[in-house]
Amino acid sequence: MTKSAATPLDPRSFDLVAFGLAAVLALHAPHLPWWLGVTLASILGLRWWQRRRQRARTPAWLKLPLLAALLLSIVSWYGNLFGQAPGAALAVGLLVLKLLETETARDARVGMSFACFTLMAALLFDQSLTATTTVALGLLPPLAALRSLEPGRRAPPALWRELLPGFGLLAAALPLALLAFLLLPRLNSPLWGAPNTGEQRTGLSDRMTPAGFTQLLVDDSPALRVGFDGPPPPPDLRYFRAYVMGHYDGSSWTYRDVANQLPVPVEAAQTIRYHVSLEPTRQRVLPTLDVPLAAPPGASLRRDREVIADKPVDSLRDYTLESATRYRLEPKLGRHRARWLQLPAGFDPRTLALGRSWRARYGSDDAAIVQAALALFHDGGFRYTLAPAPLGRDAMDDFLFDTREGFCEHYSSAFTVLMRAAGIPARVVTGYQGGYWNALGGYLLVRNSDAHAWSEVWLAGHGWVRVDPTAAVRPQRISMGAAAAAPGQLPWYQSGWLQSMRNRWDIVNRWWNLGVNGFDALRQRGLLKPFGIRDTDPSTLALLLAVACVLAMAAGLAWVWRRREPEDPARTALRQLERKLARQGVARLAGEGPRDYLQRAARMLPAQHDRLTELMHRYLELRYAHPEPTSESLRALQRAVRDFPVVRMVK
Amino acid sequence: MRSNLRRLAQRARVWAERRLPALTRLRQPEPLPIELGRRRIYIVPTTFGLGFGVLLLVMLVGALNYANNAALLLTCMLGAATAASMLLAFRTLDGLSLRGIRAGHAVAGEPLELVLDFAAQRARESVRLDCASESLAFALQGTTELRLRLATTRRGWLALPRLRIWSSWPLGLFRAWSWLHPQQSVLVWPRPEAAGPPPVLPGDARERLRPQPGEELAALRDYRRGDAPRHIAWKASARHHDLLVKDFDRPEPRETWRLEWDALRALDREARIARLARWLGDAEAQGRRYSLQLPHERIDIGSGPAHYARCMSTLAVLP
């Protein structure tokens, strides 16, 4: 064992090891800093070239400095070595450096098993169907490399054909893998802390600055998928509230999370039930359609009916809610009125003056003031763009009277400031608006690029009313989505037919999320519901898992133990005859030819002497007289064997 | 440290073979052909397999802890693939049969070449055979012949050692193994002594043999004065401008050696055998005819490899 482990690697094995490492590197490349990825790729390439072309080893003095450089660069880039992103970068780096000292079969085995581990780590960053499939395919080179380490193989085929047996192995493993996946008891609470992500994912934030969304609006990864009980609401009612922001400091709006306040009352006239499947956001807010009536388990309602989860959403989260789509929210404002009129002192004098002038002109008609503001946006030469000019200290003044270009954040912010200046309680709400209705899957796909900001104003008798000033400027944004609102400004992959294909394809991701990623402890407990068992506890699951493993192994053994004899009818007939003779006490000995055996049988069974001699001649003729046995003689033999009588020997 | 461990493992194995014959299959030698079946193939994880198992466990716990179902699924897949590789390791050996063993000739102290004839219906890859210190790896499609070198120490019948046949195909995670203990012995010839006197031949054998022309036509050459006319190749000469003469091979006349056991009274038994073996070798090398007289056996005059082998084998089995 030790001897074979220390044998030097042959070129094919080394190629496969290098290929496996390249696959790992490629899968991790999206979340590695580009310079690290490029450096590691070139180290990999150089090392391959050095061993394959120069047949040289890496000098020892080079390895230690490279290792130190790797550690230093990771610490200086990420700030520490622990955590998800730096840990993955470190693992990939160590793996590539391992190739520098990969000379023997043992090195290759260690490297390849660690490669499998690092491949799994890539799934911490992305668990979509595509990522999972890619990682599964990434397992093929390590498996092929391990296979190539065994001595005494047949002449190795072309490199890519080496990957096929691994594919077959994984495919054969799939049934047992699925059973194990279904039955492995999930943990109700993690054993140790959830992975801390070094980088914050771009997503909705509890702080809104005009032009702060630009990152988000070009991120078209799915944010949430929503299924409705009943028909989906029309596009212009698909507003998903996340944060209600009341405080403005002159440059940004902020949401203040106060946990122990009762939610304001809502009078619901029409409600809708829906199920949201939220992609991980690393934040606690759960977007809800319009105004939720109650919070889902593990979350609570805040004062303004935002839903805040108890823990950050680090993995796919499913929740079911009931919301009011026609409602009166907080019909009486009471003593909180001043809070929704707050404005920072010393900012935006022209905007405030405009708001006050409206108040002076329209008197107490709040609705007319709202209409005036919308008319201003609609007719005042405003432009919707995702790349607006930057704003100065008096941001709203610059926007309203100077640049007059921007997107939802600018419009909602300016509108809210105007309303407050006119003395109407108002606030900014951020969330998502729109989405793609996937008819096949019956769900609404909301992407991060559907992030939106709008306003709510409080009107006497109506409570809080949603006003979307962006709609005044660019109605398409509301009715047709972000892509239609800003043609030519989005990346190529977000426009046209490609986007629509990706929207349709998303149903597969939804199934994947429903079936695989969303299969948590709760769903697992309901696994046996179709069989009448309401609650499947972990010990039952473990028992089922054991049974499944035993069954799978039994199936495997049945396959393995089955001996496939070549289909040879003459031989089968002879076997049958042997069995008949054995019952009469003449068993064929090991190493006895058919001729000797049948002659012996004829001697020992005088009653059958002639029959046996004839059978022997038939068999020998069939075997040796012709290169291809004729079917008649074969049938004659089979008939003769079938008719051969079994006579019990009476001694 | 390492050698200590190895010695400990060795002792444990010897103990296990003594106390647990069913486990290690300390089988009696069995007649050929030997076919490997499920009752005699054992599977254990290799060191690498154990390490890989630990790694799988770490991945499993990690995936469960982070509720990462995609990673969990792939870990399950890798684990199931590992289990499947165990079955493949078994399948590599299952149905493999050792049909025959042919042995070459060797004198004691020199390695003896064995040709093992393996057959299998399915193609096999990466089957390994351990015999004492030697280890072979081979692939097999239909039948294959494997050459092994068996160390020998003394003349006589040598029972074939137990052979270990094993495989860690396809991933090196599991090791399927079985013992092959063929009921077959090979004959080891006695080792000739390194140097010694030539045989003392009885007086009547010392007569000078008259040189005789060889019987076999070797070549044609040009005529030289004094050549007998009956040796001229007339037909060939007619097509040539000179006379050609048939040249006959005339082997050096050699005495026949009559080698006798009783002529070596002064030596002890093994020394006698060694000397006789050397004389046999010399006689064969010099192209002599020779006979061998042993206490209970006599081999008549003869020459050639078969004769030599017969003489040596007779010497080898002397008590």
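Which residues make a nonpolar surface patch of about 450 Å²? Let's find out, and then take a tour of some other spots in this predicted model.

## A nonpolar patch across two chains

The patch is made by Leu187(A), Leu191(A) and Trp192(A), together with Leu57(B) and Val61(B). Look for Leu191(A) in the loop between helix H9 (163-183) and strand E1 of chain A. Is Leu191(A) buried or exposed? Leu191(A) has a relative accessibility of 58%, so this residue counts as exposed.

## A patch of positive charge

Now move along chain A to helix H21, which covers residues 569-583. A patch of positive charge lies on the surface, where Arg571(A), Arg575(A), Arg579(A) and Arg583(A) gather.

Take Arg579(A) as an example: this arginine lies in helix H21. Its relative accessible area is 53%. Exposed means over 50%, so Arg579(A) counts as exposed.

Next come the strands. Strands of a sheet pair through backbone hydrogen bonds, and the pairing can be parallel or antiparallel.

In chain A, three strands form an open sheet with the order E1-E5-E4, and their pairing is antiparallel. Which strands stand at the edges? They are E1 (207-208) and E4 (247-248) of chain A; each has a single partner strand, so one side of each is left without a neighbour in the sheet. To see one pairing up close, look at E1(A) and strand E5 (residues 253-254) of chain A, which pair over two bridges in the antiparallel sense. Here Met208(A) stands opposite Trp253(A), a residue of E5(A).

## The sheet E7-E11-E10

Chain A also has an open sheet of three strands in the order E7-E11-E10, with antiparallel pairing. Strand E7 (285-286) and strand E10 (299-301) are the edge strands of this sheet, each pairing on one side only.

How many bridges join E7(A) to strand E11 of chain A? There are two, and E7(A) and E11 (residues 307-309) run antiparallel. When you zoom in, you can find Val285(A) opposite Ile308(A) in E11(A).

## A buried residue in chain B

Let's finish in chain B with Ile34(B), which lies in strand E1 (residues 34-35) of that chain. Buried means under 20% relative accessible area. Ile34(B) has a relative accessibility of 2%, so this isoleucine counts as buried.

Notes:
Residues are numbered from 1 along each chain as its sequence is written. Chains are lettered from A and ligands numbered from 1 in the order in which they are written. This is a predicted model: local features need pLDDT of at least 70, side-chain atom pairs count only at pLDDT 80 or more; totals for chains, interfaces and linings use all residues. Side-chain values use heavy atoms; hydrogens and water are left out. Patches are made of residues with over 30% relative accessible area and no salt bridge: like charges are joined within 9 Å, nonpolar side chains (Val, Leu, Ile, Met, Phe, Trp, Tyr) within 5 Å. Accessible areas come from the Shrake-Rupley method with a 1.4 Å probe; for residues, only the protein chains shown count as cover. A salt bridge is a side-chain nitrogen of Lys or Arg within 4 Å of a carboxyl oxygen of Asp or Glu. Lys and Arg count as positive and Asp and Glu as negative; His and the chain ends are not counted. The place of a charge is taken as NZ of Lys, CZ of Arg, CG of Asp or CD of Glu. Helices (H or I, at least four residues) and strands (E, at least two) are DSSP runs, numbered from the N terminus. Buried means under 20% relative accessible area, exposed over 50%, partly exposed in between (1.4 Å probe, protein chains only). Two strands pair if DSSP finds at least two bridges between them.
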